[in-house]
Amino acid sequence: CEGAAGARRCPEDASMTVAEAFAAERERLLALPEAPFPTDELRAVSAGKTPYVRFDLNDYSIPHTHVRRPLTVCADPLRVRILD
């Protein structure tokens, strides 16, 4: 907590700065888990007559051979994959 944010008064305790509050709480913070938290979102989808599937308000094109078939969208923070 350096810079302007650390110098501000702590909202919960105006007698200390944000940096001082962070230093006091640091020993009680939990360590990050060894295994990363799963962030993939899986959703069953199907295309109608057109070669597109909708996910998160976006249309994604698919091969025309996959229309009218059940598909799975697998999305993570970096990419969206459509699985057969």
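**Close-up views of the predicted model**

**View 1. The largest nonpolar core of this predicted model holds 8 residues.** Its members are Val-45, Ala-47, Val-53, Phe-55, Ile-62, Leu-71, Val-73 and Ala-75. Strand E2 (52-55) and strand E4 (70-75) each supply at least two residues of this core. E4 gives the largest share, 3 residues. The model is predicted, not experimental.

**View 2. Side chains alternate along E2.** Val-53 and Phe-55 point to one face and are buried.

**View 3. E2 and E3 form a hairpin.** Strand E3 covers residues 58-61 and pairs with E2 in the antiparallel sense over 4 bridges. Tyr-52 stands opposite Ser-61 in E3. The turn has 2 residues between the strands. Asp-56, in this turn, has a positive phi of about 55 degrees.

**View 4. Three strands make an open sheet in the order E1-E4-E5.** Their pairing is antiparallel. Strand E1 (41-46) and strand E5 (80-83) stand at the edges. Each has a single partner strand, so one side of each is left without a neighbour in the sheet. The twist averages 25 degrees from one strand to the next.

**View 5. Ala-75 stands opposite Val-80 in E5.** E4 and E5 run antiparallel, joined by 4 bridges. Leaving aside neighbours within four places in sequence, Ala-75 is in contact with Thr-39, Asp-40, Glu-41, Phe-55 and Val-80.

Note on methods: Residues are numbered from 1 along each chain as its sequence is written. This is a predicted model: local features need pLDDT of at least 70, side-chain atom pairs count only at pLDDT 80 or more; totals for chains, interfaces and linings use all residues. Side-chain values use heavy atoms; hydrogens and water are left out. A nonpolar core is a set of buried Ala, Val, Leu, Ile, Met, Phe, Trp, Tyr and Cys residues joined through side-chain atoms within 4.5 Å. Buried means under 20% relative accessible area, exposed over 50%, partly exposed in between (1.4 Å probe, protein chains only). Contact means heavy atoms within 4.5 Å. Two strands pair if DSSP finds at least two bridges between them. Axes are lines fitted to C-alpha atoms, for helices over the stretch in contact, and angles run from 0 to 180 degrees between N-to-C directions.
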